[in-house]
Amino acid sequence: MNGGGKRMHELAARLFPLCRSITGNGVRATLGILKESLPLTVHEVPSGTRVFDWTVPPEWNINSAWIRDSKGNTIVDFSNNNLHVVGYSPPVDARLSLAELQEHLHSIPEQPDAIPYVTSYYKERWGFCMAHRARKALADGAYQVRIDSTLAPGSLTYGELILPGKSEKEVFLSTYICHPSMANNELSGPVVTAALANWLMSAPHRYTYRIIFIPETIGSLAYLSKNLDVMKKNIIAGFNITCVGDDCAYSYLPSRSGTTRADYAALRVLRARHPDFIRYSFLERGGDERQYCSPGVDLPVVSIMRSKYGTYPEYHTSLDDLRLVTPSGLQGGLDVLKECIEWIENNPTYHAVHCGEPQLAKHGLYPTIVDSGGALSVDIPLLQNLQNVLAYADGAHDIPTIAEICNVPEADIQSAVASLMEAGLLVDS
Amino acid sequence: MNGGGKRMHELAARLFPLCRSITGNGVRATLGILKESLPLTVHEVPSGTRVFDWTVPPEWNINSAWIRDSKGNTIVDFSNNNLHVVGYSPPVDARLSLAELQEHLHSIPEQPDAIPYVTSYYKERWGFCMAHRARKALADGAYQVRIDSTLAPGSLTYGELILPGKSEKEVFLSTYICHPSMANNELSGPVVTAALANWLMSAPHRYTYRIIFIPETIGSLAYLSKNLDVMKKNIIAGFNITCVGDDCAYSYLPSRSGTTRADYAALRVLRARHPDFIRYSFLERGGDERQYCSPGVDLPVVSIMRSKYGTYPEYHTSLDDLRLVTPSGLQGGLDVLKECIEWIENNPTYHAVHCGEPQLAKHGLYPTIVDSGGALSVDIPLLQNLQNVLAYADGAHDIPTIAEICNVPEADIQSAVASLMEAGLLVDS
Amino acid sequence: MNGGGKRMHELAARLFPLCRSITGNGVRATLGILKESLPLTVHEVPSGTRVFDWTVPPEWNINSAWIRDSKGNTIVDFSNNNLHVVGYSPPVDARLSLAELQEHLHSIPEQPDAIPYVTSYYKERWGFCMAHRARKALADGAYQVRIDSTLAPGSLTYGELILPGKSEKEVFLSTYICHPSMANNELSGPVVTAALANWLMSAPHRYTYRIIFIPETIGSLAYLSKNLDVMKKNIIAGFNITCVGDDCAYSYLPSRSGTTRADYAALRVLRARHPDFIRYSFLERGGDERQYCSPGVDLPVVSIMRSKYGTYPEYHTSLDDLRLVTPSGLQGGLDVLKECIEWIENNPTYHAVHCGEPQLAKHGLYPTIVDSGGALSVDIPLLQNLQNVLAYADGAHDIPTIAEICNVPEADIQSAVASLMEAGLLVDS
């Protein structure tokens, strides 16, 4: 593991305690920390804004929350773990019997030490989450509960970063900033995406990068509602970046068609680097690819993950923490996404500039003498690669495809493409 | 066999004696009887009207016809069986020798008791048809022949019934009313089509039904020449209804492409209900699918039959009678066509109303709480069906196709579609 | 072998001594001889004309050239073989040591008796080519070299013959006239093409024939630059005619897509006539198909050859002579190309004239009586062929394809097509 993984893990550790949700100051604080290294633009979408079939909800903020028993002992304290409160709980200050309290408690009998992650964004409902072992130990008697929260008109907050490239065509990266103190799902996504953005900022790139840090579902829909036309026009590949931080599997969830440049890149890289990767079906989707790949949106977006959401026992509990997510896990997630981006950057499609073959000799790419005696003989394979690249430079073939047709190493085609572009005989797109 | 089959058979029995042809009062009388239960519009296309490469011929009517021997005995009498006269025979009143008469006689040596069905619509030619056994018994001598017919400018008559549905999209039903006293080919077509029309009139339906009762070939061409544009625009499936009345096989003749919604419906229903059905090739076509599937017309029309024209020994003879066609045979033909129509009615394609996923919780289709503890846990398969229907609601997928993609029972997808439509989140087409 | 092969060989023998290059009087003299039997139009494209990425070079002409040793003996004489001088050598008159001379000599150590074919069109460079055996025998000492040539503004010359057919659609034939004294590559191309042109002129044909005699590469590009639009609009098949004169293999090099009418014709004919033909890949291309099949040009052009350029030891040497190329070899090349052309002529696609089926009886193609008794019974297979041709006359099916669908001999479909066209019911395209 290198320093990058460690730095990502440290960033995750800084972000971990913040109480994120789909709105609120936890999201703003998260974006504030990301802005220390990224020139994010922060957008606010007011509560009440209509977004397709949805409406941006009131903004939720919370200061403190606790349960005390009749002796005044604090049984559950939000300041210990922000998973203790059901997301979007309205304020409450009440005295309850244990039976009444039980109606508002959530725990997982099968995982007695885990605090579950529970939200109720669109229906007002307060509640506490706790380890089942602790819940079972609750004695009969009266309990005092207090949630000091607000649910009021405000806005939904997201961060956006556009990194212009040589081309107007875009690669799209989208990740979630709505999960409170959990690590794989989801601090791995924002910290790996931030690292990708930093890496992309460090060098020029062919494509423009559209990178967004959003709350899941309502955030992606709000973003689509504002940007769909330009996204449909420009995006050539996209990645929904989630669950990229543990040390277990690598996995891939395709786009709806399964045949986009993002799918090809993901499959090429994973087959080469992690041939034991898990290939999910589009039917197993569960994140914002539900929006990005919906009919009429149809963006070329895939997910490359480590352990996929819903497949590991710590998922959506307090056990999804910074021990589950590791520097090496994050580094692995970053590396595979970097390679996918490099693959896409390195594999544009091409157009020949001239009708017919160009005069290669004039450009120093063909011998000026044709001599069957062979004294000044041509490097035939090199010449053939040049001619084959030109023959397939019809806007529909990238280098791996041409290499496959010609049955030569990709590096040879890459080199031929480079020579032709240098000579002004080929343009990419 | 239920009452429907019996009623169809009774209607066939009423229609049987009428002398139908491609024009004339027999057609009008037939449509008159059908109008007792169906609000048919009767159209008249004048003789001489150009119809693509064809011209509507003069109208033919016939009062009586007979052959008498030298002793005055009536050997052949049209009033006994209207197959006795070659269709479109001009009037004749002549005295002939047996040898001269033989030139105008038609019979089938291999079927000595059958009167053949012979027509000569487009070349004036008179003739008589008789059982070969009776023909062989003719004694030498003089014969008197009389055909009291008219061939004169008039019109071609057909019946049309448009049953508007919720959609402008149409299902097309076409059947023949040009055959004289024969039962499978063809009174089965009109009586089954009439029963289908009555059934369709008894309840609302999704699609508009375009139902026509026409003379074969010249009738379908005349109809196409007047209605082709709207038919090409609206028809999503069609059935050429012929030979649907005996108790033998079920059979299917595809459209030219073999991949229309009518083909899918026919195959699904026949495979389920009559897995031993005979699957003919488009090359074995012989009816108006020759017009409906011709280049430039290209309507999605198939035939579902019992014993196909040309394949049973009674075909085009007096043996194709009301003993060959039975109540249960007609009922079987009706049932399979009803199921095809139901299949099409029940299997539209869908469009999602909103961009991205709708807010299912708002519509009561998603839990308002997301709780990894599972106390209020979601019906995951149900939710997945809803999401998958939405993901494939792109106007190109019907329920069976979505069910196949998702590998779940069709009923589950049907139920998900129903929920989404009820919630206003999905429209069909 | 018949007289045609002998006449082609004699024409090749007349053309053999001329010093052809990509420009110059050798090309004009060649076209002059071809004009004796063909009404060629000769076009001149001035030096300096821009042609896509290329520029038409100065015109090269040569009168004489020799090398003499110190005793005045002529060691190498252009008048013995025009391969002795590097094509496009500028004038030179110099006295050199053997070492200095060696810098300008070309030979093939592995083929000590062959004079190699060397050119330097686009970089000024003089040189001599000689048999390696003779080169090794050169004694030390002074040598006099003289090349009496001119390199000056002039023009590139090519011949064009348009043979109008019934259709505006074109078949394209292209061959090279830029090679000096060599026989398979390339006098076989022009003499076979001339024979094809004479044959085409001897009888009417469906398609228009566009036949060009051009210098390789710069000639095809110059021609494309003037005619691309009409070529793309009209050409339905094309053949690049080269290396069609020896007695060895038959071979085929496909178009880029491999699915054009030219490809189908070539494959059908070669499989039938020469099932042991060599099937090259488009990747093994080396002639003007590089221009004709380039992106944006995309003409349906293939090569049918005997021994392909680059695959036989005599290639591009003085051994590629009129013993390698034979009357029977040329005849074989001509025959296979003729058959391809006949195949294309005989296999147009069709459109039905009328919507729906025409009234076949009116056109004498259907009995006027329909009689199940069979006395005047129909030729059912014949009738079915007529109806099937009409059913597939949608502009996308040729006769072999319809025959394949109907599983009947092509001759039967051919005959049905002929009947329908005679009746004015079908048009080809």
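Predicted model: local features only at pLDDT ≥ 70, side-chain atom pairs only at ≥ 80, totals over all residues.

Biologist: In which strand is Glu170(C) found?

Modeller: Glu170(C) belongs to strand β12 of chain C, which covers residues 170-176.

Biologist: Is Glu170(C) buried or exposed?

Modeller: One counts the C-beta atoms around the residue, and 20 or more within 10 Å mark it as buried. Glu170(C) has 23 such neighbours, and therefore counts as buried.

Biologist: How far apart are Glu170(C) and Gly238(C), in sequence and in space?

Modeller: The separation is 68 residues along the sequence, whereas the C-alpha atoms lie 8.4 Å apart.

Biologist: Turning to the chains, which residues and elements form the contact between chain B and chain C?

Modeller: Chain B contributes 26 residues and chain C contributes 23 residues. On the side of chain B, at least two residues come from each of β8 (118-119), α6 (218-234) and α8 (289-292). By class, that side of chain B comprises twelve nonpolar, nine polar and five charged residues.

Biologist: What rotation superposes chain B on chain C?

Modeller: The rotation is 120°, with a shift of 0.4 Å along its axis, and the RMSD is 0.2 Å. This is the relation of a three-fold axis.

Biologist: Which residue of chain B comes closest to the rotation axis?

Modeller: That residue is Thr259(B), whose C-alpha lies at 14 Å from the axis.

Note on methods: Residues numbered from 1 in each chain as written. Chains lettered and ligands numbered in written order. Least-squares fit on C-alpha atoms with pLDDT ≥ 70 in both. Helix = DSSP H or I, 4+ residues; strand = E, 2+ residues; numbered from the N terminus. Buried ≥ 20, exposed ≤ 12 C-beta atoms within 10 Å, placed from the backbone. Contact = placed C-beta atoms within 7 Å. Nonpolar A, V, L, I, M, F, W, Y, C, P; charged D, E, K, R; others polar.
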